[in-house]
Every structure is written in structure tokens, then in C-alpha cells.
Amino acid sequence: MIDLSIHDVMPETLDRVDQQLALINRYATHPVTLLVVPGKPWRAGDLDRLRDWIRRGHRLAGHGWTHRAGSIRGLRHRLHSRLISRDCAEHLALSGRQIQALMRRCRGWFATNKLPLPERYVPPAWALGRIDGPALRATGFELVETLTGFIDLSTGRYHRAALVGFEAVDRWQLPAIRVSNAINRLLARRWPLRIALHPDDHRLGLADDLLRELAQVARHDIWTMPIR
């Protein structure tokens, strides 16, 4: 089974997200999980576009607050920033209490704007940070996605899932991402597979790889809540 998602849904990326949804629709009419960043200058028209995507069968998920770390804290965060996330892993700059407050604020934004409350939360760059199970359960989300799978907050169980992506901003990332994707496709023989898109992927160096991946989508079942 496959989970298909688009990250970094924010006012400045909506046109590109729409292009990706149209691209996906050429291959299959499956639902897509849209990872929304609430702490941006959303206008009424932007929110209407989210509602239109919901009417078309897609689902919303929470994705941080600003998608930017306020600071780089500690060696782990510094390495993560240099190798993976740049300045996007906002959880890694926060304490457990601050992470919980951010996640609650994120979920509350959907209610404030009369959007369906999301069941799923994906921390920016999949970097959850230092927060324990009880604090996560108190956020109101049901499912938290990390780099290697999903935490079901109702049971505390962790479910492994493979992950492929195509966000190659720099040339040196092309071979690294291709190797990672090849490994994760092998893992997908045992685990569900996640295809995680970012708004510019269809215009970057791995665009052809992305199209080949989408060509496989129609052959599989798609799930948006993978362990329910």
C-alpha cells in the first residue's frame, strides 16, 4: 500500500501544489494528504483553495507552525540542519513543552478557520524533537509521522513505513536521494510505502524519477490513514 502526501502547503506554494495535484491526477485519482503550515499569512482566498481540495477528496494534516527553526541548538540540530533540513526543523530548537504548545496551536488553527480537524501531524523535516508520549497524546492528534514511520497515539505503537522523496535542491543530493529511494523501495516489500512530495519536486533534478514513481501509483491501493 502507498501513502501519497504533499508537504509545505502554505500561501506561497499553493499554485505549485495545484500543479502537483493535477500531475498526480494524470496517473490516478487517489486522495492526497496535504501538509499545511498554519503560521503563514493565510488569506480568505487561500483558505477557500484548501476547502476546494477537501471537496475533491484530499485530506489536510498539520505540519509545524512556521516551518522555520528559530535557532540552531546543539550538535544534533546542527548536523541535521547541515545534512537534511537546513533551517526547517523547527521542533529541534524547542523543549518538549514548547513542541506540545506548537502542535496544539497548529491543530487549533484548523478549528479557528472552520477546516476539518486533522488527525495526522508531520513535524517539519520529520524531526519530532524531545517530546514524550503523554505530551504528544495531549495535543489532540491521533497519528504522528516521523522519518521511519508512524506513531499511533491511541495505542502508543510505532508502525514502520518506507519513504521515498524527490526534493533535490542541490546537485550533490541527486545520487544520495536516488540511493535512499532504492533502499526504501526494497523496504517497501515488507512495510507500507510513503511517497512524500514537495512543491517544487516536479521542476527539480529528480522530476523524471517522480514521474516514473507516479506511473506506479495507479497499480496500488492508497491509504491516507495507514494504520486505522
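Q: Which residues does Thr 139 touch, once residues up to four places away in sequence are not counted?
A: In this predicted model, Thr 139 touches Gln 100, Met 103, Arg 104, Arg 107 and Leu 153. Thr 139 itself has its place in the loop between helix 5 (133–137) and strand 5 (143–146).

Q: What makes Thr 139 count as buried?
A: Its relative accessible area is 5%, and buried means under 20%, so Thr 139 is called buried.

Q: Which backbone oxygen lies 2.6 Å from a polar atom of the side chain of Thr 139?
A: That oxygen belongs to Leu 136, and the distance of 2.6 Å can be set against the limit for a polar contact, which is within 3.5 Å.

Q: Why is Glu 213 called buried?
A: Glu 213, which lies in helix 7 (residues 207–217), has a relative accessible area of 9%; the cut-off is under 20%, and therefore Glu 213 is buried. Leaving aside its neighbours within four places in sequence, Glu 213 is in contact with Val 164, Phe 166, Arg 185, Leu 193 and Ile 195.

Q: How do you know that the span of helix 2 agrees with its number of residues?
A: At 1.5 Å a residue, the 12 residues of helix 2 (residues 44–55) should span 16 Å, and because the C-alpha atoms at its ends are 17 Å apart, the two values agree.

Q: Which residues of helix 2 are buried, and what puts them on the same side?
A: The buried residues in helix 2 are Asp 46, Leu 47, Leu 50 and Trp 53. They cover an arc of only 115° around the axis, which means that they are on the same side of helix 2. An α-helix has 3.6 residues a turn, so residues three or four places apart point the same way. The face turned away from the buried side of helix 2 carries the exposed residues Ala 44 and Arg 55.

Q: What covers the buried residues of helix 2?
A: The cover includes strand 1 (2–9), helix 1 (14–27), strand 2 (33–36), strand 3 (59–62) and helix 4 (96–112).

Q: Which residues touch the most other members of the largest nonpolar core?
A: Of the 51 residues in that core, these are Ile 6, Val 9, Leu 34, Trp 42, Leu 50, Trp 109 and Ile 195. The largest share of this core, six residues, comes from helix 4.

Q: Where does pLDDT stay under 50?
A: It stays under 50 over residues 77–83, whereas the protein chain averages a pLDDT of 90.

Methods. Residues numbered from 1 in each chain as written. Predicted model: local features only at pLDDT ≥ 70, side-chain atom pairs only at ≥ 80, totals over all residues. Heavy atoms only, no water. Helix = DSSP H or I, 4+ residues; strand = E, 2+ residues; numbered from the N terminus. Expected span 1.5 Å × (residues − 1). Buried < 20%, exposed > 50% of the residue type's maximum accessible area, 1.4 Å probe, protein only. Arc of directions from axis to C-beta. Contact = heavy atoms within 4.5 Å. pLDDT = per-residue confidence, 0-100. Polar contact = N/O pair within 3.5 Å; in protein donor to acceptor, adjacent residues only side chain to side chain. Core = buried A, V, L, I, M, F, W, Y, C linked by side-chain atoms within 4.5 Å.
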